[in-house]
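Me: I want to learn how to read charged side chains in a model. Can you walk me through it?

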Amino acid sequence: MIIRFGYVALALNLEGTTSSGTITYTRFKKMSEEEKIEALKRVSMKNIQALKKILKYNIDNQIHFYRLTSKLIPLASHPDVNWPYINLLSREYEEIGQLIKQHQLRVDTHPDHFNVINSLKQGVFEATQRELMYHHHIFEMMQYDQGKMVLHLGSSTNGKKESVNRFINNFKKLPQVLQDRIILENDDKTYNIEDILAVCQKLKIPMVLDYHHYVCKKDELKLEDHIQNIFDTWQHESLPVKVHLSGPKDGPCDRKHADYVEPEIFFDFLDYLQSTKRDVDIMIESKQKDRALFKLIKDIKAIQPQIQWMDETTMKI
């Protein structure tokens with residue numbers, strides 16, 4: 001099996017480089033009509049240049065897997081702004097997509113927690129749809145068909161059973177282009193691996209296994225009894241199975257992510273992964289981002305020097 005490591009959004013080794021620059025709506029409202037579009041475009045272009053720098057850094061360091069920030073284009077989904085970012089930025093994003101495809105990178109997004117497909121409030125569902133469509137537009141401008149959006153199932157109002165049914169019903173109301181991009185992960189509070197697996201199987205969408213969330217919310221479930229079925233939800237996808245890995249900040253079941261991943265956590269997870277005999281892309285969700293990725297790889301090499309490495313971030317078991 002082949003395992004690749006990736007990280008989230010911010011490359012800390014590129015100090016002062018961020019693709020998440022923004023403009024608040026309060027500031028936006030104070031601008032003249034002439035200033036508004038120019039300011040939004042200026043910040044967006046700065047984010048694009050930073051993203052290019054990060055992607056080239058990833059290429060130079062043979063990092064093949066990366067999560068885009070959700071804040072690439074300011075106020076893109078705000079209902080009272082509605083600026084023509086697709087027309088103004090498509091050429092630049094097409095260049096980014098060419099870079100991604102040329103170097104066979106894998107990129108995805110993780111829309112923020114306020115996106116709740118199964119909300120009881122119609123306004124929240126509509127706002128979620130606007131935000132998800134913005135993420136889709138990013139991939140569309142890149143001409144990157146493999147882009148996925150990772151979501152949690154969301155609300156548990158009125159109980160898990162009703163909430164799951166509400167999610168399924170609302171999911172089917174979404175445009176097909178969004179349905180095709182959504183993948184679900186288990187969480188650490190409400191929906192365990194069994195809950196999410198059942199929904200993904202019903203909707204025929206991939207499931208992302210979050211190992212830290214599983215540890216925090218095992219609910220007496222054994223991962224070895226479910227991992228093969230979880231990975232089978234990826235059987236019709238062109239890219240490898242995607243999983244999340246992080247460690248607790250304080251204590252084994254602390255939901256907060258630590259700065260780094262202890263190698264013992266990785267090797268515990270590896271035991272489960274090897275049983276599947278499937279290629280896997282591991283997204284490191286630690287606070288130290290790319291630095292956590294490099295430290296984990298260094299630790300793995302020190303502890304098990306016999307492991308074969310295909311390049312700087314890709315191991316073969």
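Me: In which helix does Asp 195 lie?

Reply: First, the ground rules. This is a predicted model: local features need pLDDT of at least 70, side-chain atom pairs count only at pLDDT 80 or more, and totals for chains, interfaces and linings use all residues. Residues are numbered from 1 along each chain as its sequence is written, and side-chain values use heavy atoms, with hydrogens and water left out. Helices are DSSP runs (H or I, at least four residues), as strands are (E, at least two), numbered from the N terminus. Asp 195 lies in helix 7, residues 193-203.

Me: Is Asp 195 buried or exposed?

Reply: Buried means under 20% relative accessible area, exposed over 50%, partly exposed in between (1.4 Å probe, protein chains only). Asp 195 has 19% relative accessibility, so Asp 195 counts as buried.

Me: Which residue meets Asp 195 in a salt bridge?

Reply: Side chains of opposite charge can pair when their charged atoms come close. The cut-off: a side-chain nitrogen of Lys or Arg within 4 Å of a carboxyl oxygen of Asp or Glu. Here Lys 160 pairs with Asp 195, at 2.7 Å from N to O. Lys 160 is in helix 5 (residues 160-171), 35 residues apart from Asp 195. At 34% relative accessibility, Lys 160 is partly exposed.

Me: How many salt bridges does a search of the whole structure find?

Reply: The search finds 14. Glu 95 and Lys 52 form a salt bridge, with their closest N and O atoms 3.0 Å apart. That pair links helix 3 (residues 85-102) and helix 2 (residues 33-60). Lys 52 is buried at 16%, whereas Glu 95 is partly exposed at 40%.
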